[in-house]
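Hi,

Here is the structure I said I would pass on. Have a look at it, and my notes follow below.

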Amino acid sequence: MSLFGDQGQKRYDKIIEHTVGRTLHLGSEGSYLKNHLKGNATNLDVTGNPNIKHDLNVFPWPIEGKAYDTIIAGDVIEHVERPYDFLLECKRILRRRGKLIITTQNATSLAQILNSKMGEESESPHLYCWNESQLKLLVIRAGYKIVETGLIGSFWNRNIMLRAI
């Protein structure tokens with residue numbers, strides 16, 4: 001357990017709570033969720049040993065349209081080259097009234113601000129750093145209806161969680 005509690009576990013529990021039906025887990029390699037999703041989950045990633053090995057930056061993905069009830073993009077959208085096209089591709093493969101669950105680091109969290117001031121770079125560099133308002137605008141522009149947004153984590157490192165249909 002970290003000094004600041006198990007904030008990752010709380011985030012994963014919240015994601016699992018909102019997962020229904022056939023689920024696509026994007027960027028799944030190395031994720032706690034990979035082994036803890038209920039129901040029929042498919043893992044898609046470019047690394048490791050997912051069910052579907054594919055680069056999320058290459059469209060279309062090798063998935064039929066309207067194939068999934070839930071898509072989980074946990075800490076993925078900040079790494080894709082074209083986030084708007086990424087959201088449109090998710091929309092293509094979501095069933096009617098399907099759920100898209102996105103989590104990402106929050107540009108306005110104290111940890112992000114300190115890391116950027118100190119020039120810290122993560123192992124897997126972020127192409128984008130979103131705040132909650134920016135992410136909401138992008139998701140709405142891509143044609144989704146936002147069901148819930150919120151911040152998850154400790155006071156100093158609060159991630160954004162967004163659910164949309």
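The largest nonpolar core has 30 residues, and Leu26, Phe86 and Leu87 have the most contacts inside it. By such a core I mean buried Ala, Val, Leu, Ile, Met, Phe, Trp, Tyr and Cys residues joined through side-chain atoms within 4.5 Å; buried is under 20% relative accessible area (1.4 Å probe, protein chains only). Two or more residues each come from β1, β4, α2, β5, α4 and β7 (157-164), and α2 gives the most, with four. Helices (H or I, at least four residues) and strands (E, at least two) are DSSP runs, numbered from the N terminus. Another core, of eight residues, lies apart from this one and includes Ile15, Ile72, Ile101 and Met161.

Keep in mind that this is a predicted model: local features need pLDDT of at least 70, side-chain atom pairs count only at pLDDT 80 or more, and totals for chains, interfaces and linings use all residues. Residues are numbered from 1 along each chain as its sequence is written, and side-chain values use heavy atoms, with hydrogens and water left out.

Now to α2 (residues 83-93): its buried residues are Pro83, Phe86, Leu87, Glu89, Cys90 and Ile93. They cover an arc of only 160° around the axis (taken from the directions from the helix axis to the C-beta atoms), so they sit on the same side of α2. These residues pack against β1 (23-26), β4, β5 (94-104) and α4 (132-141). Beyond four places in sequence, Phe86 is in contact (heavy atoms within 4.5 Å) with residues including Leu26, Trp61 and Val80.

Cheers

Definitions and conventions: Buried means under 20% relative accessible area, exposed over 50%, partly exposed in between (1.4 Å probe, protein chains only).
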